[in-house]
Amino acid sequence: MSNGKPYLSFVQGYRQDGKVKQKTIEKLGYLEDLKKIYPDPIAHFKQVAKERSETEPAQKTLELNLLAKLPDQANLRKNLGYFVPKSVYASLGLRDFFQNKQRQLKSAYNLNSIFSLLIFNRFLFPSSKKNAFDTRDLFFESFDFSLADLYRALDAFAAYSDAIQQHLHHRVCDLIGRDNQLGYYDVTNYYFEIPYEDEDTYDENGNMVKKGQKKRGPSKEHRKDPIVQMGLLMDANGIPMAFNTFSGGESEKTSLLPTVRRVKKDFSLQRIIVVADRGLNTSDNTAFLAGKNHDDMASNDGYVYGQSVLGADKTFKAWVLNPDGYRSDKEFDPDGETVVFKHKSRIFAKKIQLKGANGKRSLSMEIYQKQMVYYSEKYAKKQRMDREKTIAKARELIANPGKYTKATSLGAAGYVNNIQFSKETGEIPDGLVLSLNEAKIQEEEKFDGYYSIVTSEKHLTDQQIRDIYKGLWEIEESFKIMKSEFKARPVYVKKDEHVEAHFLVCFVALVIMRVLEQMTKKQHTVKAIRQSLIQYSCSYLEQNYYLFDYRDEVIKTFESVFGLDLSKKIMSRAEIKNILRYQK
């Protein structure tokens, strides 16, 4: 009606905040005037509207009130970049996994909803579990559960940890493929900002039942806080296979074998070759993986380990320094520079000592391994420069011992004769006659530039051994991603089950990132991927339309990978929901 008279217009209907609204698209005129032109104006324009809908693209316009103000509490900006980890999450079958588990539980909360929120938060906005809950409105979709539900779900996630790792292994094999025979293993630790350690649990006979999880130990960050250690097993593509957590007070050297045994059983692997640095090169680990390693024991597991030259026995050191047998070779480093090096190898019967029933290393065993040593002048220069810096610090310590403690003299103290530290304060007592350990320096200088690798795989060439061992940088990069990009430390949860769930979330986020790298052929760095997906957000306009203001090469890559058009400046809620829907 207009001025009390019937008036015809074309209008467009839409839904906003659950209510149906309309806006005028085109004004047609008063009904009485239109009757002079058309016998039945209403029927005529209904037919026109129908024909336009069928033949013409919809003309979408937005009417914006330039004087509109924000309410006191407004949250109109939403992240849509999380559709990328969500797509991989779905491809890895995690939604289906939790839906199957949900049927076995009587809980009212949705496991998949909680786990996916924790993954998206860790991937883009890493923070505590509480902050993940408090900022859940950052994402376009809603997450309908309470904070108490989230903490209760952590117990379930911890219980499913091994099953999720097993599930992901099979999905990665289907999605990307992996070499099941080669596994890279390393250990790192994560600190807790708490002043106390966990107590050990004992039975009534005084036997330890459970070792406290959060214990002070050799922290990678040289902190005094209690730590939990994490072992990570990774495939040749850099995609994590499995992880385990263990007490900060335990030796990392004992963590390898239990992990390998579990992975072989759960993943149905016949044989695995473990690649690890020299810190895990122990008699137990070599013997129990490969046994004596006779030629008729090829079905045993294997290893490729770094070998400390300085820490080796006199026979090995003499072989290293003997110039006989070395061959010269060259390769290109990551910067494209030519690196010249020399190398040699041998198959050697090595005697090792194993623990007997009494816990003492009283059992002698001979194992056969291929030993390879190489020398690089570039590596020698680096070692000399690093040592010179430490020696300079040692000289300063000798001149001014009162300035240093056990913690601050780390590294330098190894080059100082007669040094001691107070057990109570960690300080250097007065009256000590300190001097530089020249003999140690001279001994180390002999072996500058040398590095060794030992392996059970006697058929491998020197180059193959080096190529396999070089893959260890990927696992170091994975730990770096978890610590710097995903901010896995410090750990804020306290219960053992919640700590396990925390590392499970970090592990799954890392798997998703590594799978993404394979899907995009490593066109972009992890940092670039995260920064772009954080930026890919939208702001609400009107009538269920959202404004996008970010686009770069990373976003264009994901357009191609997922077959989407992300170039639109304005998208409707329906279009956004189509991007976010789970793909089968």
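Mentor: Happy to; what follows is about helix α5 and its two helix partners, α16 and α4. The model is predicted, with local features needing pLDDT of at least 70 and side-chain atom pairs pLDDT 80 or more, while totals for chains, interfaces and linings use all residues. Residues are numbered from 1 along each chain as its sequence is written, and side-chain values use heavy atoms, leaving out hydrogens and water.

Let's start with α16. Helices here are DSSP runs of H or I, at least four residues, numbered from the N terminus. The axes of α5 (residues 111-124) and α16 (residues 496-519) lie 9 Å apart, at an angle of about 65° (lines fitted to C-alpha atoms over the stretch in contact, with angles from 0 to 180 degrees between N-to-C directions). The crossing of α5 over α16 is right-handed (the near helix is turned clockwise from the far one by less than a right angle). From α5, Phe-115, Leu-118, Ile-119, Arg-122 and Phe-123 make the contact (heavy atoms within 4.5 Å); their α16 counterparts include His-502, Leu-504, Val-508 and Ile-512. This contact counts 12 nonpolar residues, 1 polar and 1 charged (Ala, Val, Leu, Ile, Met, Phe, Trp, Tyr, Cys and Pro are nonpolar; Asp, Glu, Lys and Arg charged; the others polar).

Now turn to α4 (94-102). Its axis comes within 8 Å of that of α5, crossing at roughly 145°, and this crossing is right-handed. Leu-94, Arg-95, Phe-98, Lys-101 and Gln-102 of α4 meet Leu-111, Asn-112 and Phe-115 of α5. The classes here are 4 nonpolar, 2 polar and 2 charged. Notice that Phe-115 takes part in both contacts.
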